[in-house]
Amino acid sequence: MDKNLTAVAESAGIVGAGGAGFPTHVKLAGSADTVIINGAECEPLLRVDQQLMARDAKKLLEALSLVVEQVGASRGVVALKEKYHEAVDAIKRELAAYPKLEIFLMGSFYPAGDEQVLVCEVTGRIVPEGGIPINVGVVVMNVETALNLYAAYTDGAPVTDKYVTIGGAVARPTTVYVPLGITVAEAIALAGGATVADYTVINGGPMMGAVVSPESRVTKTTKGLLVIPSDSPLIHSLKKDLRRMLKDAGIACMQCSMCSEVCPRGLLNHRIQPHKLMRLAGYSSTCDESVTPLNAWLCCGCRLCEYACVMQLQPWKLNGNLKGVMGKNGIKNTLNNKPDKPAPFREYKRYPVHKLIRQLGLADYDVPAPMSARQPDFKKVALPLKQNVGAPSSPVVKVGDVVKKGDLIAKIPDKALGANLHASIAGRVTDIGESSITIEA
Ligand code: SF4
Ligand code: SF4
C-alpha cells in the first residue's frame, strides 16, 4: 500500500454509509484478524448495496484488500444474501484474483446485517455485551463505505454524494446518486413523487429508520427514503404513544416470551429478554432479580420483538425509553458478559424477511428500485455539520466564499471524534448556521 489508508479516510470525510456514521479512519486504526464487508442489506425495500456489489465487485474486492492489509488481517469476507444473485455472480467472477478473500452467503433473514449477528454468522464469535466487533478481532464495513474508501484511495475523491433508494408509495421506485444536502422532497421527486396524498417519510429502512420531514437533508448516512401511507400498520406502530403501549402491556402481555424467542441479541446469549422487561414495566414485577432496566442497554432497537408478539406490543419502545431515561440520568451500561456460544437453537429462530414485509404491510412496495443513470443539477444544498458519530464538523469557509465540488468546507474539531465535510456542489457559500452550511450554485 503506497498511501496511508487511515489518513486517506480521514481526509476524505468517510463515515459508515450504512446508517451508522462512525468515522472510518478510527475504525481503520485498530488491528483485527478478520474484515467483513457487510452486504446483507437486511432492511426491507432498500436496494443500494446489492446493486453496488453487482456493479462494482472488483472495486469492492480491491477496497477489502486494502482494509485487510491496513488492519493486519488474514481473512477478508464479503457477506451477503444468497438471493442477491447478480452480486453473488459478480463477486465470484472476481474472487480468484484475491487469495485472502472469500464470499459468505446468508439466508434472507432479519437482522442479518446487524454487526453482531453478522460477526456470529461469519466467524462464530460473539461480541461481548455492550461491545463492538473489534473486541473479537473483527472489522465490519458497509459496501458503500468500502467503495468510498477505494475512490478516495485511488482518485483522492472525498465523500460528496450518496446512494439512496427512494421507495414505497412513489411513481418509480429507484436508487439515485445525489449530492449531500439536497432535501428529502427533492430526492422523492426523482422517483416521480408520492402516489398518495397522506404519507410519512422514513429515513432508512422500515425497521430501524426514523420518521423525517420532507425538508430535512440527505446526509452521508441516508440509505433509503421510504414514502409510506400514513394509515399503514408501520406508521401506526412508529407513532403509537409509549404510555398507551405500556397500558396495553399491563392488560395484554401474557408473558408468552415469543419476543425473547426471536430477539437477535438474546440469541447471542446477551442478557436481554424483552418479555422480562415488559413484566417489569407492565406489572412492576421484580420476581427475577437478575433483570433490571440496565438490561435494556443490550437492546439494539431492531424492533423484531413487536412482530413476534401476537398482541402487537412493543418491547423495543420500552427499551428505547429506558435507555433515554438512564442516559439522561448518567446511568451507563455495566453489563459486559462475554458469551462463548450463542443460545441453543439460534439457527432455527432466524426471522424470514418475506414474513416481516407482509406484517409491515409493505408487500406492494417490495419491488426493484433500479439505479438511475443521471440526476439533475441541484442549485442549492444545505450540508448538516453533523453527519457522523461524534462532534459536528467545524466550518473552515465563510459566507461569500466560492467553492468547487469536493473542497473542504468543515473539518474535524481538534482532538474530537468526527469527520471532514466537503462541498457537494460548486457555488458560493450563502449561509453558515449553527447546524449547516448552505451553498448555492
Ligand atoms: S410476545 Fe408480546 S405478549 Fe408475549 S411476552 Fe412478549 S410482549 Fe408479552
Ligand atoms: S428491539 Fe426487541 S428484538 Fe430487537 S434487540 Fe431489542 S428487545 Fe431484542
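**Exercise 1. Ligand 1**

Task: Sort the shell around ligand 1 by residue class, and say where the ligand sits.

Solution: This is a predicted model.
- Step 1. By class, seven nonpolar and three polar residues form the shell around ligand 1, with no charged residues.
- Step 2. Now the names. The residues around ligand 1 include Cys253, Met254, Gln255, Cys256, Ser257, Met258 and Cys259. His275, Cys309 and Leu313 are also among them.
- Step 3. Ligand 1 sits in the largest cavity.

**Exercise 2. Backbone at Ser257**

Task: Where is serine 257 found, and what is its phi?

Solution: 
- Step 1. Serine 257 belongs to the loop between helix H10 (242-252) and helix H11 (258-262).
- Step 2. Its phi is near 70°. That is a positive value in a residue other than glycine.

**Exercise 3. Ligand 2**

Task: Which residues are around ligand 2, and how do they divide by class?

Solution: 
- Step 1. Cysteines among them are Cys263, Cys299, Cys300, Cys302 and Cys305.
- Step 2. The list also includes Pro264, Pro274, Gly301, Arg303, Trp316 and Asn319.
- Step 3. By class, the shell around ligand 2 has eight nonpolar, two polar and one charged residues.

**Exercise 4. H3 against H7**

Task: Classify the packing of H3 and H7, then name the contact residues.

Solution: 
- Step 1. Helix H3 (residues 48-55) packs on helix H7 (residues 143-155) at about 45°, and the axes are 9 Å apart.
- Step 2. H3 and H7 are therefore oblique to each other.
- Step 3. H3 makes the contact with Val48, Asp49, Leu52 and Met53; H7 uses Val143, Glu144 and Leu147.
- Step 4. By class, this contact of H3 with H7 has five nonpolar, no polar and two charged residues.

**Exercise 5. H4 against H7**

Solution: 
- Step 1. On H4, the contact residues are Lys59, Leu60, Glu62, Ala63, Leu66 and Val67. They meet Val143, Ala146, Leu147, Leu149, Tyr150 and Tyr153 of H7.
- Step 2. By class, the contact of H4 with H7 has 10 nonpolar, no polar and two charged residues.

**Exercise 6. A peptide bond**

Task: Is the bond joining tyrosine 110 and proline 111 cis or trans?

Solution: 
- Step 1. Omega is about 0°.
- Step 2. The peptide bond is cis.
- Step 3. Proline 111 lies in the loop between strand E4 (109-110) and helix H6 (115-123).

Notes. Residues numbered from 1 in each chain as written. Chains lettered and ligands numbered in written order. Predicted model: local features only at pLDDT ≥ 70, side-chain atom pairs only at ≥ 80, totals over all residues. Heavy atoms only, no water. Near = heavy atom within 4 Å. 1 Å grid on protein atoms, 1.4 Å probe; cavity = no way out; pocket = protein on both sides within 12 Å on 5 of 7 lines; lining within 4 Å. Sits in = over half its atoms within 2 Å of the grid points. Nonpolar A, V, L, I, M, F, W, Y, C, P; charged D, E, K, R; others polar. Axes fitted to C-alpha atoms, helices over the stretch in contact; angles between N-to-C directions. Helix = DSSP H or I, 4+ residues; strand = E, 2+ residues; numbered from the N terminus. Parallel < 35°, antiparallel > 145°, perpendicular 65-115°, else oblique. Contact = heavy atoms within 4.5 Å.
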